[in-house]
Amino acid sequence: MDLKDLYRDVILDHNKSPRLFGKLEPADSSADGHNPLCGDRLHITVRLEGDRVSDLRFEGKGCAISVASASLMCEAVKGKSRREITHLFNEVHEVLTRHDAPVPDDLGKLAALSGVREFPVRVKCASLCWHTLNAALERSHEPVKTE
Amino acid sequence: MNANPAYSSYDAGRVWRDFPILSRQVNGKPLVFLDSAASSQRPASVIAAVDEYETLHHANVHRGVHQLSQEATKMFEHARERVREFVNAASAREVIFTRGTTESINLVAQSYARPRLQRGDEILLTGLEHHANIVPWQLVAEQTGAVVKVVPIDYLGEVDVANFSRLITERTRIVAFAHVSNALGTVLPVREITRLAHERGAVVLVDGAQAVPHQRVDLQALGCDFYAFSAHKMYGPTGIGALIGRESLLESMPPWQGGGDMILTVSFEKTTFNVLPFKFEAGTPNISGAVGMAAAIDYIDSLGIDAIHEHEQRLLKIATRKLEAVPGLTIIGSSPDKAAVISFTVEGIHPHDLGTILDTEGVAVRTGHHCAMPVMEFFGVPATARASFACYSRESDIDALVAALGKAREVFS
(Lines give C-alpha, C1' and ligand atoms only; values in the text may rest on other atoms or scores of the structure.)
Protein backbone atom coordinates (compact mmCIF):
# COMPACT_ATOMS: atom_id res chain seq x y z
CA MET A 1 0.00 0.00 0.00
CA ASP A 2 1.50 3.25 -1.12
CA LEU A 3 0.00 6.45 0.22
CA LYS A 4 1.04 8.32 -2.92
CA ASP A 5 -1.19 5.99 -4.89
CA LEU A 6 -4.20 7.04 -2.81
CA TYR A 7 -3.47 10.71 -2.34
CA ARG A 8 -2.40 11.60 -5.88
CA ASP A 9 -1.83 15.23 -6.78
CA VAL A 10 -5.12 15.45 -8.67
CA ILE A 11 -6.99 14.25 -5.56
CA LEU A 12 -5.19 16.60 -3.19
CA ASP A 13 -5.83 19.48 -5.59
CA HIS A 14 -9.56 18.76 -5.94
CA ASN A 15 -9.83 18.35 -2.16
CA LYS A 16 -8.21 21.71 -1.58
CA SER A 17 -10.13 23.53 -4.32
CA PRO A 18 -13.26 21.57 -5.17
CA ARG A 19 -14.79 22.38 -8.56
CA LEU A 20 -18.54 22.94 -9.04
CA PHE A 21 -18.92 23.34 -5.28
CA GLY A 22 -22.17 24.94 -4.15
CA LYS A 23 -25.86 24.72 -4.80
CA LEU A 24 -28.03 25.35 -7.87
CA GLU A 25 -31.16 27.35 -7.21
CA PRO A 26 -33.53 26.52 -8.69
CA ALA A 27 -32.61 22.94 -9.51
CA ASP A 28 -34.54 20.23 -11.33
CA SER A 29 -33.53 17.57 -8.84
CA SER A 30 -31.38 17.02 -5.80
CA ALA A 31 -30.33 14.28 -3.39
CA ASP A 32 -28.49 13.85 -0.11
CA GLY A 33 -25.78 11.30 0.51
CA HIS A 34 -24.58 10.23 3.92
CA ASN A 35 -21.83 7.87 4.96
CA PRO A 36 -22.50 7.19 8.64
CA LEU A 37 -19.13 5.46 9.13
CA CYS A 38 -17.14 8.65 8.70
CA GLY A 39 -19.87 11.27 8.87
CA ASP A 40 -19.49 12.37 5.25
CA ARG A 41 -22.46 14.38 4.02
CA LEU A 42 -23.13 15.42 0.48
CA HIS A 43 -25.87 17.41 -1.23
CA ILE A 44 -26.08 17.38 -5.02
CA THR A 45 -28.28 19.64 -7.14
CA VAL A 46 -28.73 19.11 -10.89
CA ARG A 47 -30.29 20.94 -13.81
CA LEU A 48 -31.52 18.88 -16.71
CA GLU A 49 -32.02 19.68 -20.35
CA GLY A 50 -33.90 16.82 -21.89
CA ASP A 51 -31.78 13.77 -21.28
CA ARG A 52 -28.66 15.71 -20.33
CA VAL A 53 -27.29 17.00 -17.06
CA SER A 54 -26.72 20.57 -18.18
CA ASP A 55 -25.32 21.71 -14.85
CA LEU A 56 -24.74 20.41 -11.33
CA ARG A 57 -23.17 21.36 -8.00
CA PHE A 58 -22.23 19.54 -4.85
CA GLU A 59 -21.77 20.73 -1.30
CA GLY A 60 -21.02 19.06 1.99
CA LYS A 61 -18.25 17.88 4.24
CA GLY A 62 -16.10 14.85 3.96
CA CYS A 63 -12.67 13.32 3.72
CA ALA A 64 -10.27 14.15 0.90
CA ILE A 65 -11.32 11.09 -1.09
CA SER A 66 -15.02 11.88 -0.95
CA VAL A 67 -14.59 15.61 -1.70
CA ALA A 68 -12.16 15.00 -4.57
CA SER A 69 -14.31 12.22 -5.99
CA ALA A 70 -17.40 14.46 -5.97
CA SER A 71 -15.47 17.32 -7.55
CA LEU A 72 -14.01 15.06 -10.27
CA MET A 73 -17.40 13.46 -10.88
CA CYS A 74 -19.19 16.79 -11.29
CA GLU A 75 -16.60 17.94 -13.82
CA ALA A 76 -16.82 14.66 -15.69
CA VAL A 77 -20.61 14.35 -15.95
CA LYS A 78 -21.54 17.96 -16.68
CA GLY A 79 -23.19 18.10 -20.13
CA LYS A 80 -23.44 14.29 -20.41
CA SER A 81 -26.55 12.21 -21.05
CA ARG A 82 -27.98 9.74 -18.56
CA ARG A 83 -26.68 6.86 -20.64
CA GLU A 84 -23.16 8.32 -20.75
CA ILE A 85 -23.26 8.93 -16.99
CA THR A 86 -24.36 5.35 -16.28
CA HIS A 87 -21.51 4.11 -18.48
CA LEU A 88 -18.99 6.26 -16.55
CA PHE A 89 -20.39 5.15 -13.20
CA ASN A 90 -19.99 1.50 -14.19
CA GLU A 91 -16.41 2.11 -15.24
CA VAL A 92 -15.58 3.99 -12.05
CA HIS A 93 -17.24 1.31 -9.95
CA GLU A 94 -15.22 -1.39 -11.68
CA VAL A 95 -11.97 0.50 -11.18
CA LEU A 96 -12.77 1.15 -7.49
CA THR A 97 -13.73 -2.37 -6.58
CA ARG A 98 -11.92 -4.82 -8.87
CA HIS A 99 -8.32 -5.19 -7.93
CA ASP A 100 -7.12 -6.13 -11.42
CA ALA A 101 -9.54 -4.07 -13.52
CA PRO A 102 -7.75 -2.14 -16.28
CA VAL A 103 -8.23 1.62 -16.12
CA PRO A 104 -10.18 2.63 -19.27
CA ASP A 105 -8.73 5.46 -21.34
CA ASP A 106 -11.97 7.44 -21.43
CA LEU A 107 -11.98 7.89 -17.63
CA GLY A 108 -9.77 10.95 -17.92
CA LYS A 109 -8.99 12.56 -14.56
CA LEU A 110 -11.33 10.10 -12.82
CA ALA A 111 -8.55 7.55 -13.30
CA ALA A 112 -6.84 9.23 -10.33
CA LEU A 113 -9.29 7.38 -8.10
CA SER A 114 -7.93 3.97 -9.08
CA GLY A 115 -5.54 3.99 -6.10
CA VAL A 116 -8.54 3.77 -3.75
CA ARG A 117 -9.00 0.06 -4.51
CA GLU A 118 -5.86 -0.70 -2.52
CA PHE A 119 -7.72 0.71 0.51
CA PRO A 120 -11.01 -1.25 0.60
CA VAL A 121 -12.46 0.65 3.58
CA ARG A 122 -12.19 3.87 1.59
CA VAL A 123 -14.13 2.71 -1.49
CA LYS A 124 -17.38 3.99 0.01
CA CYS A 125 -15.85 7.45 0.37
CA ALA A 126 -15.19 7.56 -3.37
CA SER A 127 -18.52 6.07 -4.45
CA LEU A 128 -20.81 8.11 -2.18
CA CYS A 129 -21.11 10.96 -4.70
CA TRP A 130 -22.01 8.61 -7.55
CA HIS A 131 -24.79 6.98 -5.54
CA THR A 132 -26.05 10.42 -4.58
CA LEU A 133 -26.05 11.60 -8.20
CA ASN A 134 -27.89 8.41 -9.20
CA ALA A 135 -30.53 9.12 -6.57
CA ALA A 136 -30.96 12.67 -7.89
CA LEU A 137 -31.32 11.41 -11.46
CA GLU A 138 -33.76 8.66 -10.52
CA ARG A 139 -35.81 11.10 -8.52
CA SER A 140 -36.10 13.38 -11.54
CA HIS A 141 -38.06 10.58 -13.25
CA GLU A 142 -40.73 10.78 -10.59
CA PRO A 143 -43.75 12.81 -11.61
CA VAL A 144 -43.70 16.27 -10.08
CA LYS A 145 -46.42 16.61 -7.51
CA THR A 146 -48.60 19.72 -7.89
CA GLU A 147 -51.10 19.81 -5.10
CA MET B 1 9.26 10.03 43.40
CA ASN B 2 6.15 7.97 43.35
CA ALA B 3 3.88 7.46 46.31
CA ASN B 4 2.17 4.35 45.00
CA PRO B 5 4.34 1.28 45.67
CA ALA B 6 2.43 -0.78 43.11
CA TYR B 7 3.08 1.86 40.47
CA SER B 8 6.76 2.32 41.17
CA SER B 9 7.27 -1.31 40.13
CA TYR B 10 5.04 -0.99 37.04
CA ASP B 11 6.97 -2.32 34.08
CA ALA B 12 5.18 -1.16 30.92
CA GLY B 13 7.53 -3.17 28.73
CA ARG B 14 6.72 -6.38 30.57
CA VAL B 15 3.00 -5.62 30.47
CA TRP B 16 3.29 -5.00 26.72
CA ARG B 17 4.89 -8.43 26.29
CA ASP B 18 1.91 -10.06 28.04
CA PHE B 19 -0.20 -9.21 24.96
CA PRO B 20 0.87 -11.44 22.05
CA ILE B 21 -0.94 -9.45 19.35
CA LEU B 22 1.06 -6.31 20.10
CA SER B 23 4.24 -7.75 18.64
CA ARG B 24 2.74 -8.27 15.18
CA GLN B 25 3.36 -5.99 12.23
CA VAL B 26 0.80 -3.94 10.33
CA ASN B 27 1.58 -2.71 6.84
CA GLY B 28 5.21 -3.64 7.36
CA LYS B 29 5.49 -1.53 10.52
CA PRO B 30 5.38 -2.55 14.18
CA LEU B 31 1.79 -2.30 15.42
CA VAL B 32 1.07 0.72 17.63
CA PHE B 33 -2.36 0.00 19.05
CA LEU B 34 -4.09 3.16 20.28
CA ASP B 35 -7.69 2.04 19.92
CA SER B 36 -8.27 0.30 23.24
CA ALA B 37 -11.38 2.38 24.01
CA ALA B 38 -13.09 0.61 21.09
CA SER B 39 -11.85 -2.80 22.22
CA SER B 40 -8.76 -3.66 24.18
CA GLN B 41 -6.42 -6.55 23.39
CA ARG B 42 -6.18 -9.73 25.49
CA PRO B 43 -3.19 -10.91 27.48
CA ALA B 44 -1.90 -14.45 26.98
CA SER B 45 -3.40 -15.45 30.34
CA VAL B 46 -6.93 -14.64 29.16
CA ILE B 47 -6.41 -16.47 25.87
CA ALA B 48 -5.06 -19.47 27.80
CA ALA B 49 -7.92 -19.48 30.32
CA VAL B 50 -10.53 -19.56 27.54
CA ASP B 51 -8.53 -22.20 25.71
CA GLU B 52 -8.24 -24.36 28.83
CA TYR B 53 -11.97 -24.13 29.46
CA GLU B 54 -12.78 -25.13 25.87
CA THR B 55 -10.19 -27.90 25.87
CA LEU B 56 -10.94 -29.50 29.23
CA HIS B 57 -14.08 -28.33 30.98
CA HIS B 58 -16.86 -27.38 28.60
CA ALA B 59 -20.43 -28.59 29.16
CA ASN B 60 -23.70 -26.77 29.77
CA VAL B 61 -24.08 -25.05 33.13
CA HIS B 62 -26.71 -25.50 35.86
CA ARG B 63 -28.03 -28.64 34.16
CA GLY B 64 -26.12 -31.86 34.31
CA VAL B 65 -25.09 -33.98 37.25
CA HIS B 66 -22.07 -35.16 35.32
CA GLN B 67 -18.54 -34.07 36.06
CA LEU B 68 -18.03 -31.66 33.16
CA SER B 69 -21.27 -29.81 33.80
CA GLN B 70 -20.25 -29.42 37.42
CA GLU B 71 -16.84 -28.10 36.42
CA ALA B 72 -18.33 -25.65 33.91
CA THR B 73 -20.92 -24.47 36.45
CA LYS B 74 -18.23 -23.97 39.06
CA MET B 75 -16.09 -21.93 36.67
CA PHE B 76 -19.08 -19.87 35.52
CA GLU B 77 -20.21 -19.06 39.05
CA HIS B 78 -16.63 -18.39 40.12
CA ALA B 79 -16.50 -15.83 37.30
CA ARG B 80 -19.64 -14.19 38.69
CA GLU B 81 -18.00 -13.91 42.09
CA ARG B 82 -14.87 -12.39 40.51
CA VAL B 83 -17.03 -9.78 38.75
CA ARG B 84 -18.75 -9.02 42.05
CA GLU B 85 -15.42 -8.50 43.80
CA PHE B 86 -14.06 -6.43 40.91
CA VAL B 87 -16.71 -3.70 41.27
CA ASN B 88 -17.57 -4.42 44.92
CA ALA B 89 -21.21 -5.29 44.32
CA ALA B 90 -23.13 -6.25 47.46
CA SER B 91 -23.95 -9.78 46.37
CA ALA B 92 -23.42 -12.22 43.49
CA ARG B 93 -27.20 -12.23 43.08
CA GLU B 94 -26.82 -8.67 41.79
CA VAL B 95 -24.43 -9.74 39.02
CA ILE B 96 -26.19 -10.62 35.77
CA PHE B 97 -24.15 -11.79 32.82
CA THR B 98 -25.18 -10.16 29.55
CA ARG B 99 -23.71 -9.84 26.07
CA GLY B 100 -22.22 -6.53 27.13
CA THR B 101 -23.00 -2.96 28.09
CA THR B 102 -25.55 -2.45 25.33
CA GLU B 103 -27.58 -5.48 26.33
CA SER B 104 -27.34 -4.50 30.00
CA ILE B 105 -28.83 -1.08 29.29
CA ASN B 106 -31.57 -2.53 27.08
CA LEU B 107 -32.43 -4.97 29.87
CA VAL B 108 -32.98 -2.13 32.33
CA ALA B 109 -34.89 -0.04 29.78
CA GLN B 110 -37.26 -2.90 28.94
CA SER B 111 -37.57 -4.69 32.26
CA TYR B 112 -37.25 -1.89 34.79
CA ALA B 113 -38.40 1.21 32.93
CA ARG B 114 -41.04 0.01 30.48
CA PRO B 115 -43.56 -1.35 32.99
CA ARG B 116 -43.17 1.68 35.26
CA LEU B 117 -42.99 4.71 32.98
CA GLN B 118 -46.12 6.79 32.48
CA ARG B 119 -46.84 9.37 29.82
CA GLY B 120 -44.90 12.54 30.65
CA ASP B 121 -42.38 10.82 32.93
CA GLU B 122 -38.82 11.92 32.27
CA ILE B 123 -35.63 10.04 31.46
CA LEU B 124 -32.57 12.22 31.95
CA LEU B 125 -29.41 11.58 29.89
CA THR B 126 -26.34 13.70 29.16
CA GLY B 127 -24.99 15.13 25.93
CA LEU B 128 -21.92 12.90 26.33
CA GLU B 129 -23.66 9.58 25.91
CA HIS B 130 -22.71 6.74 23.61
CA HIS B 131 -25.57 5.71 21.32
CA ALA B 132 -25.98 2.60 23.50
CA ASN B 133 -27.13 4.85 26.33
CA ILE B 134 -29.43 6.93 24.13
CA VAL B 135 -31.31 4.63 21.77
CA PRO B 136 -32.66 2.11 24.35
CA TRP B 137 -34.20 5.07 26.22
CA GLN B 138 -35.67 6.54 23.06
CA LEU B 139 -37.26 3.17 22.33
CA VAL B 140 -38.79 2.89 25.79
CA ALA B 141 -39.92 6.53 25.62
CA GLU B 142 -41.77 5.75 22.40
CA GLN B 143 -43.34 2.69 24.00
CA THR B 144 -44.53 4.52 27.12
CA GLY B 145 -44.97 8.19 26.21
CA ALA B 146 -42.11 9.17 28.52
CA VAL B 147 -39.83 12.05 27.52
CA VAL B 148 -36.04 11.96 27.08
CA LYS B 149 -34.27 15.04 28.41
CA VAL B 150 -30.60 15.87 28.06
CA VAL B 151 -28.13 17.57 30.42
CA PRO B 152 -25.94 19.67 28.11
CA ILE B 153 -22.16 19.48 27.92
CA ASP B 154 -19.86 22.48 27.91
CA TYR B 155 -16.86 23.41 25.77
CA LEU B 156 -14.50 21.41 28.01
CA GLY B 157 -16.59 18.34 27.37
CA GLU B 158 -17.87 18.33 30.95
CA VAL B 159 -21.34 18.06 32.39
CA ASP B 160 -22.10 20.63 35.04
CA VAL B 161 -23.59 18.96 38.13
CA ALA B 162 -25.63 22.13 38.75
CA ASN B 163 -27.47 21.35 35.52
CA PHE B 164 -28.46 17.94 36.89
CA SER B 165 -29.86 19.76 39.90
CA ARG B 166 -31.91 21.94 37.63
CA LEU B 167 -33.07 19.21 35.24
CA ILE B 168 -33.97 16.45 37.70
CA THR B 169 -37.65 17.13 38.41
CA GLU B 170 -40.37 15.30 40.29
CA ARG B 171 -41.21 13.66 36.93
CA THR B 172 -37.69 12.24 36.50
CA ARG B 173 -37.80 8.46 36.90
CA ILE B 174 -34.43 7.51 35.48
CA VAL B 175 -31.09 9.26 35.26
CA ALA B 176 -28.67 7.46 32.91
CA PHE B 177 -25.13 8.57 32.13
CA ALA B 178 -21.64 7.36 31.31
CA HIS B 179 -19.10 7.03 34.12
CA VAL B 180 -16.42 7.90 31.53
CA SER B 181 -17.19 9.38 28.10
CA ASN B 182 -15.98 7.12 25.31
CA ALA B 183 -15.61 9.99 22.84
CA LEU B 184 -13.76 12.49 25.05
CA GLY B 185 -12.61 10.64 28.17
CA THR B 186 -14.43 12.95 30.60
CA VAL B 187 -15.04 11.34 34.01
CA LEU B 188 -18.44 12.11 35.52
CA PRO B 189 -18.97 12.50 39.29
CA VAL B 190 -21.17 9.43 39.74
CA ARG B 191 -21.60 9.72 43.50
CA GLU B 192 -22.74 13.36 43.39
CA ILE B 193 -25.16 12.88 40.52
CA THR B 194 -26.55 9.71 42.12
CA ARG B 195 -27.18 11.59 45.37
CA LEU B 196 -29.09 14.33 43.51
CA ALA B 197 -31.17 11.77 41.62
CA HIS B 198 -31.97 9.76 44.74
CA GLU B 199 -33.04 12.89 46.61
CA ARG B 200 -35.81 13.23 44.04
CA GLY B 201 -36.65 9.54 43.87
CA ALA B 202 -35.09 8.80 40.48
CA VAL B 203 -33.24 5.59 39.74
CA VAL B 204 -29.68 5.82 38.38
CA LEU B 205 -28.07 3.74 35.63
CA VAL B 206 -24.37 4.23 34.93
CA ASP B 207 -22.68 3.09 31.70
CA GLY B 208 -19.35 1.95 33.09
CA ALA B 209 -17.88 0.47 29.90
CA GLN B 210 -15.07 3.02 29.72
CA ALA B 211 -14.49 3.27 33.46
CA VAL B 212 -13.79 -0.26 34.68
CA PRO B 213 -10.55 -0.79 32.72
CA HIS B 214 -9.04 2.47 33.95
CA GLN B 215 -9.96 3.15 37.55
CA ARG B 216 -11.16 1.49 40.71
CA VAL B 217 -14.94 1.15 40.75
CA ASP B 218 -16.65 0.57 44.10
CA LEU B 219 -20.36 0.27 43.48
CA GLN B 220 -21.30 0.26 47.15
CA ALA B 221 -19.50 3.57 47.55
CA LEU B 222 -20.93 5.07 44.34
CA GLY B 223 -24.47 4.14 45.31
CA CYS B 224 -25.97 3.94 41.80
CA ASP B 225 -28.80 1.46 41.15
CA PHE B 226 -27.59 -0.12 37.88
CA TYR B 227 -24.08 -0.35 36.48
CA ALA B 228 -23.29 -1.79 33.04
CA PHE B 229 -19.98 -2.84 31.48
CA SER B 230 -18.33 -5.11 28.90
CA ALA B 231 -15.44 -7.54 29.20
CA HIS B 232 -13.87 -6.68 25.85
CA LYS B 233 -12.89 -3.20 26.96
CA MET B 234 -11.08 -4.60 30.01
CA TYR B 235 -8.82 -7.20 28.34
CA GLY B 236 -11.53 -9.90 28.20
CA PRO B 237 -13.46 -11.51 25.33
CA THR B 238 -16.24 -9.96 23.24
CA GLY B 239 -19.87 -10.98 23.71
CA ILE B 240 -19.81 -10.97 27.52
CA GLY B 241 -20.44 -8.27 30.04
CA ALA B 242 -22.43 -7.60 33.15
CA LEU B 243 -25.31 -5.69 34.56
CA ILE B 244 -25.02 -5.04 38.27
CA GLY B 245 -28.36 -4.09 39.77
CA ARG B 246 -29.66 -3.30 43.23
CA GLU B 247 -31.17 -6.56 44.47
CA SER B 248 -34.50 -5.07 45.56
CA LEU B 249 -34.99 -3.51 42.12
CA LEU B 250 -33.99 -6.67 40.26
CA GLU B 251 -36.42 -8.67 42.43
CA SER B 252 -39.24 -6.34 41.45
CA MET B 253 -38.52 -6.54 37.72
CA PRO B 254 -40.14 -9.06 35.37
CA PRO B 255 -37.82 -11.30 33.32
CA TRP B 256 -36.68 -9.72 30.09
CA GLN B 257 -36.25 -12.79 27.92
CA GLY B 258 -37.78 -16.21 28.46
CA GLY B 259 -36.18 -19.61 28.01
CA GLY B 260 -34.16 -22.23 29.78
CA ASP B 261 -32.19 -21.48 32.97
CA MET B 262 -34.48 -18.59 33.97
CA ILE B 263 -37.36 -20.79 35.16
CA LEU B 264 -38.08 -23.04 38.14
CA THR B 265 -41.09 -24.90 36.74
CA VAL B 266 -42.85 -24.67 33.42
CA SER B 267 -46.29 -25.89 32.51
CA PHE B 268 -48.58 -24.56 29.81
CA GLU B 269 -50.75 -23.04 32.53
CA LYS B 270 -48.07 -21.30 34.55
CA THR B 271 -44.33 -20.82 34.69
CA THR B 272 -42.48 -19.85 37.84
CA PHE B 273 -39.28 -17.90 37.39
CA ASN B 274 -35.91 -18.70 38.81
CA VAL B 275 -34.25 -16.63 41.53
CA LEU B 276 -31.68 -13.90 40.95
CA PRO B 277 -29.50 -13.65 38.99
CA PHE B 278 -30.73 -16.55 36.82
CA LYS B 279 -34.11 -14.90 36.24
CA PHE B 280 -32.36 -12.61 33.78
CA GLU B 281 -30.14 -15.20 32.11
CA ALA B 282 -32.37 -17.05 29.67
CA GLY B 283 -30.75 -19.74 27.57
CA THR B 284 -27.25 -21.17 27.68
CA PRO B 285 -24.95 -18.31 28.65
CA ASN B 286 -21.57 -17.36 27.21
CA ILE B 287 -19.65 -19.64 29.56
CA SER B 288 -16.22 -19.36 27.95
CA GLY B 289 -16.74 -15.59 27.81
CA ALA B 290 -17.39 -15.47 31.54
CA VAL B 291 -14.27 -17.57 32.16
CA GLY B 292 -12.29 -15.13 30.01
CA MET B 293 -13.81 -12.17 31.84
CA ALA B 294 -12.72 -13.63 35.17
CA ALA B 295 -9.21 -14.20 33.80
CA ALA B 296 -9.16 -10.55 32.64
CA ILE B 297 -10.06 -9.45 36.17
CA ASP B 298 -7.28 -11.67 37.53
CA TYR B 299 -4.90 -10.02 35.09
CA ILE B 300 -5.98 -6.49 36.09
CA ASP B 301 -5.59 -7.47 39.75
CA SER B 302 -2.10 -8.82 39.09
CA LEU B 303 -1.04 -5.37 37.85
CA GLY B 304 -3.22 -3.46 40.30
CA ILE B 305 -5.97 -1.20 38.96
CA ASP B 306 -4.50 1.80 40.79
CA ALA B 307 -1.12 1.22 39.17
CA ILE B 308 -2.80 0.91 35.74
CA HIS B 309 -4.63 4.17 36.44
CA GLU B 310 -1.44 5.95 37.38
CA HIS B 311 0.42 4.59 34.35
CA GLU B 312 -2.34 5.69 31.96
CA GLN B 313 -2.65 9.13 33.57
CA ARG B 314 1.06 9.64 33.13
CA LEU B 315 0.76 8.71 29.44
CA LEU B 316 -2.26 11.00 29.09
CA LYS B 317 -0.22 13.94 30.37
CA ILE B 318 2.71 13.21 28.06
CA ALA B 319 0.46 12.60 25.05
CA THR B 320 -1.52 15.76 25.67
CA ARG B 321 1.66 17.81 25.82
CA LYS B 322 3.18 16.21 22.71
CA LEU B 323 -0.01 16.38 20.66
CA GLU B 324 -0.65 20.00 21.58
CA ALA B 325 2.73 20.77 20.01
CA VAL B 326 1.64 19.33 16.63
CA PRO B 327 0.78 22.29 14.37
CA GLY B 328 -2.93 22.53 13.52
CA LEU B 329 -3.93 19.89 16.06
CA THR B 330 -6.86 20.61 18.38
CA ILE B 331 -7.74 18.36 21.30
CA ILE B 332 -11.50 18.03 21.78
CA GLY B 333 -12.47 17.54 25.40
CA SER B 334 -10.17 19.09 27.95
CA SER B 335 -11.72 18.28 31.29
CA PRO B 336 -9.07 18.09 34.03
CA ASP B 337 -10.64 14.80 35.08
CA LYS B 338 -10.19 12.52 32.09
CA ALA B 339 -9.50 8.89 31.37
CA ALA B 340 -6.61 8.23 28.99
CA VAL B 341 -8.51 9.11 25.83
CA ILE B 342 -7.58 11.93 23.47
CA SER B 343 -9.99 13.01 20.75
CA PHE B 344 -8.51 15.42 18.25
CA THR B 345 -8.76 17.05 14.86
CA VAL B 346 -5.99 18.29 12.58
CA GLU B 347 -6.68 21.39 10.52
CA GLY B 348 -7.07 20.64 6.81
CA ILE B 349 -7.02 16.86 7.22
CA HIS B 350 -10.26 14.95 7.63
CA PRO B 351 -10.09 12.37 10.47
CA HIS B 352 -10.80 9.59 8.00
CA ASP B 353 -7.74 10.53 5.94
CA LEU B 354 -5.71 10.71 9.15
CA GLY B 355 -6.88 7.20 10.06
CA THR B 356 -5.72 5.78 6.74
CA ILE B 357 -2.35 7.52 6.79
CA LEU B 358 -1.69 6.53 10.41
CA ASP B 359 -2.62 2.94 9.54
CA THR B 360 0.03 2.81 6.81
CA GLU B 361 2.48 3.69 9.60
CA GLY B 362 1.15 0.85 11.76
CA VAL B 363 -0.65 3.21 14.12
CA ALA B 364 -4.24 2.18 14.92
CA VAL B 365 -6.55 4.97 16.11
CA ARG B 366 -10.29 5.26 15.93
CA THR B 367 -11.70 7.81 13.51
CA GLY B 368 -15.33 8.77 13.14
CA HIS B 369 -18.12 9.81 15.45
CA HIS B 370 -17.34 7.16 18.10
CA CYS B 371 -21.04 6.24 18.36
CA ALA B 372 -21.55 9.63 19.99
CA MET B 373 -22.98 11.77 17.21
CA PRO B 374 -24.49 14.35 19.62
CA VAL B 375 -20.99 15.02 21.00
CA MET B 376 -19.65 15.63 17.48
CA GLU B 377 -22.62 17.91 16.77
CA PHE B 378 -21.90 19.94 19.92
CA PHE B 379 -18.29 20.56 18.91
CA GLY B 380 -19.29 21.22 15.28
CA VAL B 381 -17.11 18.49 13.82
CA PRO B 382 -18.28 15.57 11.65
CA ALA B 383 -15.76 13.28 13.26
CA THR B 384 -12.55 13.17 15.26
CA ALA B 385 -9.52 10.95 15.52
CA ARG B 386 -9.19 9.30 18.92
CA ALA B 387 -6.12 7.83 20.55
CA SER B 388 -6.88 5.76 23.64
CA PHE B 389 -4.43 4.18 26.03
CA ALA B 390 -4.42 1.00 28.06
CA CYS B 391 -2.23 -0.79 30.59
CA TYR B 392 0.07 -1.94 27.76
CA SER B 393 0.56 1.46 26.13
CA ARG B 394 4.09 2.84 26.14
CA GLU B 395 5.60 6.26 25.82
CA SER B 396 7.12 5.16 22.51
CA ASP B 397 3.56 4.64 21.18
CA ILE B 398 2.97 8.36 21.64
CA ASP B 399 6.15 9.17 19.71
CA ALA B 400 5.05 6.84 16.90
CA LEU B 401 1.68 8.62 16.80
CA VAL B 402 3.30 12.04 16.64
CA ALA B 403 5.67 10.89 13.88
CA ALA B 404 2.76 9.43 11.88
CA LEU B 405 0.87 12.71 12.28
CA GLY B 406 3.91 14.46 10.82
CA LYS B 407 3.66 12.11 7.85
CA ALA B 408 -0.03 13.00 7.41
CA ARG B 409 0.79 16.69 7.41
CA GLU B 410 3.46 16.03 4.78
CA VAL B 411 0.94 14.28 2.49
CA PHE B 412 -1.51 17.15 2.88
CA SER B 413 1.02 19.99 2.83
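This report walks through a predicted model with chains A and B, going from the domains to a few local backbone details.

**Domains and chains**

Let us start with chain B, which splits into domain 1 (5–43 + 304–411) and domain 2 (47–301). The C-alpha centres of these two domains of chain B are 27 Å apart. Where they touch, domain 1 of chain B contributes 27 residues and domain 2 of chain B contributes 31 residues. On the domain 1 side of chain B, at least two residues each come from helix 12 (305–324), strand 14 (341–346) and helix 14 (373–379). Helix 12 of chain B gives the largest share of that side, five residues. Sorted by class, the domain 1 side of chain B holds 14 nonpolar, eight polar and five charged residues.

The two chains meet as well: 15 residues of chain A are in contact with 14 residues of chain B. The side of chain A that touches chain B is made up of eleven nonpolar, two polar and two charged residues.

**A sheet and its helix in chain B**

Chain B has an open sheet of four strands in the order 13-14-17-16, with antiparallel pairing. The edges are taken by strand 13 (329–332) and strand 16 (366–368) of chain B; each has a single partner strand, so one side of each is left without a neighbour in the sheet. On average, and ignoring direction, neighbouring strands of this sheet are turned by 30° against each other. Within the sheet, strand 14 and strand 17 (residues 384–388) of chain B run antiparallel and are joined by four bridges. One facing pair is B:Ile342 and B:Ala387, the latter in strand 17 of chain B.

With 20 residues, helix 12 of chain B reaches 28 Å from its first C-alpha to its last, close to the 28 Å expected at 1.5 Å a residue. The buried residues in helix 12 of chain B include B:Ile308, B:His311, B:Glu312, B:Leu315 and B:Ala319. As a rule, an α-helix has 3.6 residues a turn, so residues three or four places apart point the same way.

**A hairpin in chain A**

In chain A, strand 1 (residues 29–35) and strand 2 (residues 40–49) run antiparallel and are joined by seven bridges. A:Asp32 stands opposite A:His43 in strand 2 of chain A. The two strands of chain A form a hairpin with four residues between them, and A:Gly39 in the turn has a positive phi of about 80°.

**Backbone details worth a look**

Most residues other than glycine have a negative phi, and most peptide bonds are trans. The table collects some exceptions.

| Site | Feature | Value |
|---|---|---|
| A:Glu25 and A:Pro26 | cis peptide bond | omega about 0° |
| B:Leu276 and B:Pro277 | cis peptide bond | omega about -5° |
| A:Leu20 | positive phi | near 55° |
| B:His370 | positive phi | about 60° |

A:Pro26 is in the loop between helix 2 (9–16) and strand 1 of chain A, and A:Leu20 is also placed in the loop between helix 2 and strand 1 of chain A. B:Pro277 belongs to the loop between strand 12 (271–273) and helix 11 (287–303) of chain B. B:His370 is found in the loop between strand 16 and helix 14 of chain B.

Notes
Residues are numbered from 1 along each chain as its sequence is written. Chains are lettered from A and ligands numbered from 1 in the order in which they are written. This is a predicted model: local features need pLDDT of at least 70, side-chain atom pairs count only at pLDDT 80 or more; totals for chains, interfaces and linings use all residues. Domain bounds come from an automatic or database domain assignment. Two residues are in contact if their C-beta atoms, placed from the backbone, lie within 7 Å. Ala, Val, Leu, Ile, Met, Phe, Trp, Tyr, Cys and Pro count as nonpolar, Asp, Glu, Lys and Arg as charged, and the others, Gly among them, as polar. Two strands pair if DSSP finds at least two bridges between them. Axes are lines fitted to C-alpha atoms, for helices over the stretch in contact, and angles run from 0 to 180 degrees between N-to-C directions. The expected span of a helix is 1.5 Å times one less than its number of residues. A residue is buried if 20 or more other C-beta atoms lie within 10 Å of its own, exposed if 12 or fewer, and partly exposed in between; C-beta atoms are placed from the backbone.
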